[in-house]
Amino acid sequence: MEPASRTPGVLGHHVLLCSSLLLNALLVAHHFLSALPAPSELLGAASNGGGSLSWSLQAARDAESVAATGCSGHGRVFLDGIVGEDGRPGCECNTCFEGADCSVRTADCTVDADR
């Protein structure tokens, strides 16, 4: 008879435990799912200049415009490098090359290819 008297107490504890776990799972799901904005909201706000990603998108645009600058294969352009004639970043020419786009070869210049 002793196990029968414990059954209502054990059953009550199981119901309490299951309901507590279910409530916690619902609250955690609500917390994480409601905190994520829709992807269109992020992109729309960022493209308007008011979003949390606007600085990174602007940096990507600047880097892409610098990367599109041609140095005729004899130099490189850096975003924080020297300033060109038009105010944009200019080419930093390799040894023996000069000019706005590094296309002019310097006279009487020898290059050590081992360095």
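# Close-up views of a predicted model

**View 1. Ser72 in the loop between helix 3 and strand 1.** Ser72 is placed in the loop that connects helix 3 with strand 1, in a model that is predicted. With a relative accessible area of 38%, Ser72 is partly exposed. When residues up to four places away in sequence are not counted, Ser72 touches Asp101, Cys102 and Ser103. For one of these, Ser103, the C-alpha atom is 5.8 Å from that of Ser72, although 31 residues separate the two in sequence. A polar atom of the Ser72 side chain also lies 3.0 Å from the backbone oxygen of Cys102.

**View 2. The disulfide of Cys71 and Cys91.** The sulfur atoms of Cys71 and Cys91 are 2.0 Å apart and form a disulfide, one of the 3 that the structure holds. Cys71 belongs to the loop between helix 3 (54–67) and strand 1 (75–77), while Cys91 belongs to strand 2 (residues 91–93), so the pair ties together parts that are 20 residues apart in sequence. The torsion about the S-S bond of Cys71 and Cys91 is about -95°, and the disulfide is therefore left-handed. Cys71 counts as buried, at 6% relative accessibility, and Cys91 likewise counts as buried, at 8%.

**View 3. The surroundings of Cys91.** Leaving aside the neighbours within four places in sequence, Cys91 is in contact with Thr69, Gly70 and Cys71, with Arg76, Val77 and Ile82, and with Ala100, Asp101 and Cys102. Of these contacts, Cys71 is the disulfide partner of Cys91, whereas Cys102 is bonded to Cys93.

**View 4. The disulfide of Cys93 and Cys102.** Cys93 and Cys102 form a disulfide in which the sulfur atoms are 2.1 Å apart. About the S-S bond of Cys93 and Cys102 the torsion is about -90°, so this disulfide is left-handed. Cys93 is partly exposed, with a relative accessible area of 28%, whereas Cys102 is buried, with a relative accessible area of 0%.

**View 5. The disulfide of Cys96 and Cys109.** In the disulfide formed by Cys96 and Cys109, the sulfur atoms are 1.7 Å apart. The torsion about the S-S bond of Cys96 and Cys109 is about -70°, so the disulfide is left-handed. Because Cys96 lies in the loop between strand 2 and strand 3 (97–98) and Cys109 in the segment after strand 4 (104–105), the pair ties together parts that are 13 residues apart in sequence. Cys96 counts as buried, at 5% relative accessibility, while Cys109 is partly exposed, with a relative accessible area of 22%. When the bonded cysteines of the protein chain are numbered in sequence order, the pairing reads 1-2, 3-5, 4-6. Another cysteine, Cys18, counts as exposed, at 51% relative accessibility.

View 6. Most residues other than glycine have a negative phi, and most peptide bonds are trans. Cys96, which is not a glycine, has a positive phi of about 75°, and its place is in the loop between strand 2 and strand 3. Asp108, also not a glycine, has a positive phi of about 55° and is found in the segment after strand 4. Whereas Cys96 counts as buried, at 5% relative accessibility, Asp108 counts as exposed, at 84%.

**View 7. The largest nonpolar core.** The largest nonpolar core has 7 residues in all, namely Val66, Cys71, Val77, Cys91, Cys96, Phe97 and Cys102. Among them, Cys71 and Cys91 are joined to each other by a disulfide, whereas Cys102 is bonded to Cys93 and Cys96 to Cys109.

**View 8. The setting of these details in the protein chain.** The protein chain contains 3 helices and 4 strands, and from the N terminus on its elements run α-α-α-β-β-β-β. Buried residues make up 9% of the 115 residues in the protein chain. Among contacts in the protein chain with a separation of 6 or more, 12% are accounted for by residues 24 or more positions apart. The protein chain exposes about 9300 Å², of which carbon and sulfur atoms supply 62%.

How values were computed
Residues numbered from 1 in each chain as written. Predicted model: local features only at pLDDT ≥ 70, side-chain atom pairs only at ≥ 80, totals over all residues. Heavy atoms only, no water. Disulfide = S-S within 2.5 Å. Helix = DSSP H or I, 4+ residues; strand = E, 2+ residues; numbered from the N terminus. Buried < 20%, exposed > 50% of the residue type's maximum accessible area, 1.4 Å probe, protein only. Contact = heavy atoms within 4.5 Å. Areas by Shrake-Rupley, 256 points an atom, 1.4 Å probe, with all protein chains shown as cover. Core = buried A, V, L, I, M, F, W, Y, C linked by side-chain atoms within 4.5 Å. Polar contact = N/O pair within 3.5 Å; in protein donor to acceptor, adjacent residues only side chain to side chain.
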